[in-house]
Amino acid sequence: MASPETPRTAARKTAAARTTSAKTAAARTAAAEKSAAEKSAGAAASKATAKKPPAKKKAAASGTAVRARAAQAARPESRLAMVRRARRINRELADVYPYAHPELDFRNPFELLVATVLSAQTTDLRVNQTTPALFARYPTPEDMAAAVPEELEELIRPTGFFRAKAKSVIGLSKALRDDFGGEVPGRLEDLVTLPGVGRKTAFVVLGNAFGVPGITVDTHFMRLARRWKWTEQEDPVKIEAEIAEIFPKSDWTMLSHRVIFHGRRICHARKPACGACPITHLCPSYGEGETDPEKARKLLKYEMGGFPGQRLSPPPDYPGKPAAPLGAG
Ligand code: SF4
């Protein structure tokens with residue numbers, strides 16, 4: 001029979017048990033803390049690894065991408081694949097430039113027609129800076145038809161080739177007054193009969209003042225359509241015909257604005273900013289320009305580069321700054 005436990009023995013036992021349990025808890029806490037510290041160190045290390053891949057791996061990855069691109073470029077592309085790629089470029093440009101618009105300021109078809117004629121061989125910005133005074137002096141085709149050539153020449157001098165342009169705008173104003181009741185006609189076949197008005201000008205007017213779908217094949221459109229292998233033609237009329245086969249008619253006007261926006265802001269003639277281009281994955285000419293992202297960003301223009309746009313009165317959804325009037329700043 002066991003001898004009964006004295007109160008002192010019981011107290012000693014309880015204290016010893018408490019100490020053991022406290023030690024175990026401390027050990028558990030230390031182990032948990034150690035494991036958490038190890039986990040967090042591991043996570044930080046793997047984060048750092050993810051952020052900064054070893055130089056060799058990075059070079060290999062970029063080499064693989066370049067080889068994949070080169071292999072893709074070397075493979076002949078079927079017509080169907082090209083059409084799908086072209087339409088995808090249009091959709092992606094719509095996301096990049098949801099605010100794409102004509103970059104000439106105008107309030108009616110007559111102003112757009114005159115501004116488009118004046119835009120030959122100069123920037124839309126220079127035209128926009130010139131037309132406020134011109135339209136204040138000659139607001140209608142009748143007024144412009146009766147202009148003294150030398151006075152009108154002085155007003156449009158900043159746009160260059162001002163004598164030939166004055167002849168065209170006075171001539172087209174006379175034709176509007178005499179043959180079209182003082183109104184700009186809304187048909188291609190009529191527009192191209194006006195002095196100084198070719199298909200490109202006619203499509204700009206039809207698309208933007210009359211809502212008639214049209215493809216504007218200007219210097220930017222030609223360059224980009226060829227870079228994207230949509231066409232190999234060099235003649236604007238042939239380019240227009242081939243592009244018309246790729247896109248539905250309802251896309252033509254906005255497609256033209258988006259392509260021209262991209263050509264003016266990112267895919268420049270001499271130094272395309274490939275490293276800052278949002279459609280590199282669809283472009284067979286990637287690498288024709290600057291591929292370093294940092295250097296490419298410095299090449300961006302207008303709202304993409306944080307600069308003013310070309311219009312003095314841009315549409316309300318334009319995210320950039322309006323252009324300054326002539327001589328301002
Ligand atoms: S990747 Fe380069 S060449 Fe191609 S669209 Fe972009 S900027 Fe132009």
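Visitor: Which residues does Cys274 touch, not counting residues up to four places away in sequence?
Guide: Cys274 touches Thr280, Tyr286, Gly287, Glu288, Gly289, Glu290, Thr291 and Ala296. Contact here requires C-beta atoms, placed from the backbone, to lie within 7 Å. This is a predicted model, where local features need pLDDT of at least 70, side-chain atom pairs count only at pLDDT 80 or more, and totals for chains, interfaces and linings use all residues. Residues are numbered from 1 along each chain as its sequence is written.

Visitor: Is Cys274 buried or exposed?
Guide: Cys274 counts as buried, because it has 21 C-beta neighbours inside 10 Å. The cut-offs are 20 or more other C-beta atoms within 10 Å for buried, 12 or fewer for exposed, and partly exposed in between, with C-beta atoms placed from the backbone.

Visitor: And which residues does UniProt list for "binding site"?
Guide: The unreviewed UniProt entry lists Cys267, Cys274, Cys277 and Cys283. They span 17 residues in sequence, yet no two of their C-alpha atoms are more than 10.9 Å apart, so they gather at one spot. Such annotations may be inferred rather than shown by experiment.

Visitor: Where is Cys283, and what does it touch?
Guide: Cys283 sits in the loop between α13 and α14. Beyond residues up to four places away in sequence, Cys283 touches Arg227 and Trp228. Helices are DSSP runs (H or I, at least four residues), numbered from the N terminus.

Visitor: New topic: where is the kink in α5?
Guide: At Thr131, shortly before Pro132, and it is about 35°. That bend is the angle between axes fitted to the seven residues ending there and the seven starting there.

Visitor: What do the buried residues of α5 pack against?
Guide: They pack against α4 (109-118) and α7 (149-156).

Note on methods: Helix = DSSP H or I, 4+ residues; strand = E, 2+ residues; numbered from the N terminus. Contact = placed C-beta atoms within 7 Å.
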